[in-house]
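Grab a pencil and work through these exercises one at a time. Try each task yourself before you read its solution.

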Amino acid sequence: MAVFSSKSLVKFKDKIESSAKELFHRSLDQHVKLAVTGLSQSGKTAFITSLVNQLINEGRGRPLPFFDVVQQGRFIAAKRVPQNNLHIPRFSYDLAIENLSLQPPQWPEATRSISELRLAIRYYPQDSLLKYATEMATLYLDITDYPGEWLLDLPMLEQNFEQWSEQMTELLNTPPRNALAQPFLDKVALIDPFAVACENQLAELADEYTQLLHQFRHELGLSVIQPGRFILPGEHEGAPILQFIPFPYFSTINKDVYQQAGQDTFIGMLKARYKQYCERIVRQFYKQHFVHFDRQIVLADCLTPLNHGTHAFKDLQKGLNLIMKSFAYGKSNVFTRLFSPKIDKLLFAATKADHVTAEQHPALTGLLEQLLMQAKQNLSFDAIKMKSLTLASVRSTMEGETQYQGHKINVLKGRRLDNQQVITVFPGKVPSQLPEPSYFEQQPYNFIAFSPLEPLAEHQALDQINMDKVLQYLLGDKLK
């Protein structure tokens, strides 16, 4: 017969009470789990910081005209409360606000691992059944942040090591990756795949492959990076489970011998570590987090890939399509909210809207729509609600007018990210359609990255573009 200590019983009781409270709130549709998704440099940390800041400060000094609960005077207050998942790090909101309050202000640190934050939003119900039960109601909002690169690993669950290696080999041999990857491919070609493996040699190759992935991401501006944990390892940094590489020469080896290769061989160790990576990291991460989301926002930086050219832009499209395959979508009702939550609202947002002038925002939205056309067509069969818009979570520029060749043109004033110099610039036009490769050659893009322009004042809402529309779309129906 099992014997439990009083301490264990208290923990068990607390867990049961916490689960019961969550079940109760979900049954009343008073609990929303929001997934914030996007690849590197899409602005996930700035977005979450701004969303929390707008709610806590109720848009103080920055009106929220499209957020109904505020405009109708039914919003009471919002505050951060302890999260349920105590094993997940808390989102560093205070540090992000501190960075934005510096002189000069700095962007918050980028997402490097998973984090979570819970808000309690108090309001007066108007149209829901809650108005008959209580004068005031509370909506609990759980926001989960994690590197978008981790999502790109999910398709690996449907591939064995050989299939994944062949896919990666095709990428490595295709421009623009091939020029950087050739020395790595030549080095692997010298290794006997059936020889006894040397762990030190494998660790060095994995490190070299990781450096390649960093170059693909930061020098070439590419989006499809696998395995994603190699460049953002989180708590697994330095672990052998992250020390493997794709094998580029399956066409040259005997497949029967490969199937019989032991784990002490070079190819056998690669295969074993790949399988462990998929099962212990990728699959567990999916089970723990993805299956519980109600709402999702996908952030996309469409401007930086334009600067890098046609290959980077097409890679962004491929990366976004891979991300969209990773989530469960479908209409939400009482049963699904309680036992099988599914995402019923999906928002696509082109970030850095403040890096172009206002008349370019429709074109930026149109460009995002073009990038996501294939993914959205597949999702439409699930009859979920989808919307696309542009936003700037934290506005970093001021817009004005100037004369150029006798005509008025709209310009931006901002602080350059690279040298902190304050400049006034005409940022250029955004294509509303997917550009042809020749278009990049005729008219290269050079959208400038900006730092925050002015430090944030205490208890002041951040200046932003369209965050009220984001709040209304993601939360408006829950705050009626």
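Before we start, contact here means heavy atoms within 4.5 Å. Keep in mind that this is a predicted model.

**Exercise 1.** Work out how the sheet is put together and which strands stand at its edges.

*Solution.* Start with the strand order: 7 strands make an open sheet that reads β2-β3-β4-β1-β5-β6-β7, and their pairing is mixed. Now look at the two ends: β2 (75–81) and β7 (385–390) each have a single partner strand, so one side of each has no neighbour in the sheet. Going from one strand to the next, the twist averages 20°.

β2 pairs with strand β3 (residues 115–123) in the antiparallel sense, over 6 bridges. In that region A77 sits opposite R122 in β3.

**Exercise 2.** Find the strands that helix α2 lies across.

*Solution.* Helix α2 covers residues 44–57. Follow it over the sheet and you'll find β1 (31–38), β2, β3, β4 (137–145) and β5 (295–300). For its direction, compare it with β4: the angle is about 165°.

**Exercise 3.** Decide how α8 and α11 are oriented to each other, then list what touches.

*Solution.* First, get the geometry: the axes of helix α8 (residues 199–218) and helix α11 (residues 266–289) come within 11 Å and cross at roughly 60°. That angle is why α8 and α11 count as oblique to each other. The crossing of α8 past α11 is right-handed.

Then collect the residues. From α8 you get E199, L202 and L205, and these meet F266, M269, L270 and R273 of α11. Sorted by class, this contact has 5 nonpolar, no polar and 2 charged residues.

**Exercise 4.** Is T365 buried or exposed?

*Solution.* Locate T365 first: you'll find it in helix α15. Its relative accessible area is 18%. Buried means under 20%, so T365 is buried.

Now check its surroundings. Leaving out residues up to four places away in sequence, T365 touches S388, L389 and T390. One more pair to spot: T365 and S432 are 67 residues apart along the chain, yet their C-alpha atoms are separated by 7.6 Å.

Technical notes
Residues are numbered from 1 along each chain as its sequence is written. This is a predicted model: local features need pLDDT of at least 70, side-chain atom pairs count only at pLDDT 80 or more; totals for chains, interfaces and linings use all residues. Side-chain values use heavy atoms; hydrogens and water are left out. Axes are lines fitted to C-alpha atoms, for helices over the stretch in contact, and angles run from 0 to 180 degrees between N-to-C directions. Helices (H or I, at least four residues) and strands (E, at least two) are DSSP runs, numbered from the N terminus. Angles under 35 degrees count as roughly parallel, over 145 as roughly antiparallel, 65 to 115 as roughly perpendicular and the rest as oblique. A crossing is left-handed if the near helix is turned anticlockwise from the far one by less than a right angle, and right-handed if clockwise. Ala, Val, Leu, Ile, Met, Phe, Trp, Tyr, Cys and Pro count as nonpolar, Asp, Glu, Lys and Arg as charged, and the others, Gly among them, as polar. Two strands pair if DSSP finds at least two bridges between them. Buried means under 20% relative accessible area, exposed over 50%, partly exposed in between (1.4 Å probe, protein chains only).
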